[in-house]
Structure formats: C-alpha cells, structure tokens
Amino acid sequence: MTDHSHESVPSRQRRRYPGISSRAYEHPADRSALVALRRLSGFDTVFKALSGLLPERSLRLLFLSDSVRVSDAQFAHLNDMLRDACYILDLEKVPPMYVNQDPRPNAMCIGLDEPIIVVTTGLVELLDEEEMRAVVGHEVGHALSGHAVYRTILLFLTNLALKVAWIPLGNVAIMAIVTALREWFRKSELSADRAGLLVGQDIKASMRGLMKIAGGNHLHEMNVDAFLAQAEEYEKGGDLRDSVLKILNVLPRSHPFTTVRAAELKKWSETRDYQRIVDGHYPRRDEDKDTSVTDSFRESAAHYADTVRTSKDPLMKLVGDIAGGAGDLGGKLRDKFTGAAGGSGGARGGGGATTKDATDGPDGTWRRADPEEGPGAES
C-alpha cells in the first residue's frame, strides 16, 4: 500500500468520519461473524503466515503485469476517488487499485497481507463519476471491514475441507459450510453497499449504479421507483413453490440479487442508524476490541427474527405464523396448568378481545399482546 495522500481530491465537500469503525455500517449478520473472528487473537495471523499456500502472490504479479495500476498518471480520476474514499472512512493506508480488461462489469477486494482493489473496464465504462464513487467506497468498505482477509481465510478452510470429502457425510458437512459462507458473503455485500453510500453521499447515484449493473447503460429506459417495485414484487409475490425457488436461486450466489440490494440500501438510508452516522454519532474502531461477541450475535438473531416477522414472502409468513401459533399454544398450555385463564375474567375471558389483545408493537407493527406482558415487552 501507499501512504495517505489527500491532494487532488474531488472538490465537492463531503462529510468525513474520523476513526469510524466498520461496525457502524455492517449488516448485523456480517458484524456478528466479524466480531467473533476479530476476538480470536492470532487467528488471521496464522493464516497470513500460510499465505504462501494461497495464490495471493501470483494474483498480485498477474495484476501488476497484465492490468493498469491506478495512479496520478493512469486513471487519475479513479485515483482521486480512491484517496477520497479512504479519507472519508479514515482508512490508514490507500490500497492499490487496478483496472483489468474485462467487458463484464465487476469489482473486488482481495488479499491477505494487503487488500487489492480491482475494477473491470466494463464497470468503468458503464458508470458515471458519482456512481463509480459509490463502487470505490464499496470496495474500501470491504477493506476497512477486513472482508478480504476473512473471506480468504474461510475460503482456504473450505478448500481444506474439500480434501477430506471422502469422510462419511463429508459432502453434507461441506455443503453446510459453503452455504453458510455464501450467506455471510451476501450480507457482507450489503455492508459494503452501505459503506459506498457513506463515501458517495448520494443515494440516487447508488441506486443508478445498481440499476446499471442490472440493466446496462440505459438509464433513459429505467426508473428507480419501478426498479424498487420489482424488489417488492419479488419479496411478496408467488406462493410457497416460488419461495422455495427463490432459496434455490440464491444459494449458489455470492451476491444478493441487484433489486434486493437496491431495496436494502434505500431502506437503510432512511433509518435512524444511518442518520446518526451522518450526524457524527458512530462506534469508533479503537473500541472494537471491547465489543461483545454475545451482543453481536444477539443483534444478528434479532435481525433474522425481525426479517421473518416482517417479511411478505409466503414461506417466511408461514414460518412466522407457525412460530406465533406455537407461542399462543404455549401460552394457553401455561394458563391451563397455572390456572391463570379462569381467575378474574381478564383479557382472555369470554366476550371478545380487549384493548390488551391487539396493540401496536414498539416498531409500529401490529402484534398480539400477552396479558402478562409489561408495557413495552417484546413478543
């Protein structure tokens, strides 16, 4: 990497986030995995020492010899964007960036010892300046989160597991590992999209970039609202058969579907969490070492529970209904054996529901309230 240099940065003033921790923008499922890995002292150091077993050095030589390294002399506008992104997210060093000849629009952040950012000519030619700035911020977000290191570590472990696939049930175990890895990869992409927004600071540009990745350079033929409506239709449309097909379609992917990414980013940009970051209230990286793994996993579990509860997907609604039904059944059994049901003619007495039976939850959504819950208790 090269030392920080913040000369020739773009003229438009953007907010800077000194000392920002990647936890500020990481998706809950991504954050819980990263916090756990960061707390395993020496874990990444061991695998960095084994980097000779990985093709990282070969990749570095390949890009150096057969791609164009971004600098003040080559792709200077990309170099300005890169330094600007590192300045905004307060990344200590600026990672090398290469432009690789490939008509397919793509970008990646790889490497164990030092991250490398690679963008294809297809992407450079497809996006305008502000759209490209969000992509560069996306990749710098990967670097700040340490995704390049941990992705390489886990891929190494997966490849190692493949060598022992002859063990009984080995394929089943490996598929479970690969499936979990891809689920994390997809969530890490949502994290990086958020970093791209923090760097670009233009939600419209982020939306345009995702639309172009999906439909090419035909913005005059596309509409953001209609594009987001596709994500809505995808989520709630169809029946249980379609829900299963959605799962089968997404399992082999390392990235979420583009409409889903756009909808997720738009939703996050409208949250209080995002506004707090913009206002300068965010976790600092010097506090990362004190982060609770348990709290991080709890947040991740709460996110998935909330996803099931609020999802419009037929299968997720069924899961939520079954879970809710099991909760109601459990409550009835408890009342039956404790004698709570018939005592004072309370909320569950005959005569219909009372105001305690149906109430707004803390997030404004309708939910059934348990008579024994305190005022603000979660169901």
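**Close-up views of a predicted model**

**View 1. Pairing of strand 2 with strand 4.** Met 97 is opposite Ile 117 of strand 4. Strand 2 (residues 97-100) and strand 4 (residues 116-120) run parallel and are joined by four bridges; strands are DSSP E runs of at least two residues, and helices are H or I runs of at least four, both numbered from the N terminus. Pairing requires at least two DSSP bridges between two strands. The model is predicted: local features need pLDDT of at least 70 and side-chain atom pairs pLDDT 80 or more, while totals for chains, interfaces and linings use all residues. Residues are numbered from 1 along each chain as its sequence is written, and side-chain values use heavy atoms, without hydrogens and water.

**View 2. Pairing of strand 1 with strand 2.** Strand 1 (residues 68-69) runs antiparallel to strand 2, with two bridges between them. Val 68 has Val 99 as its bridge partner in strand 2.

**View 3. Surroundings of Leu 78.** Leu 78 is in contact with Val 70, Met 97, Val 99, Val 119, Val 124 and Met 132, neighbours within four places in sequence being left aside; contact means heavy atoms within 4.5 Å.

**View 4. Helix 10 against helix 12.** Helix 10 (residues 224-236) packs on helix 12 (residues 258-269) at about 105°, with the axes 8 Å apart. Axes are lines fitted to C-alpha atoms over the stretch in contact, and angles between N-to-C directions run from 0 to 180 degrees. Helix 10 is therefore roughly perpendicular to helix 12, a term covering 65 to 115 degrees. Residues making the contact include Phe 227 and Tyr 234 of helix 10 and Val 260 and Lys 266 of helix 12.

Notes: Parallel < 35°, antiparallel > 145°, perpendicular 65-115°, else oblique.
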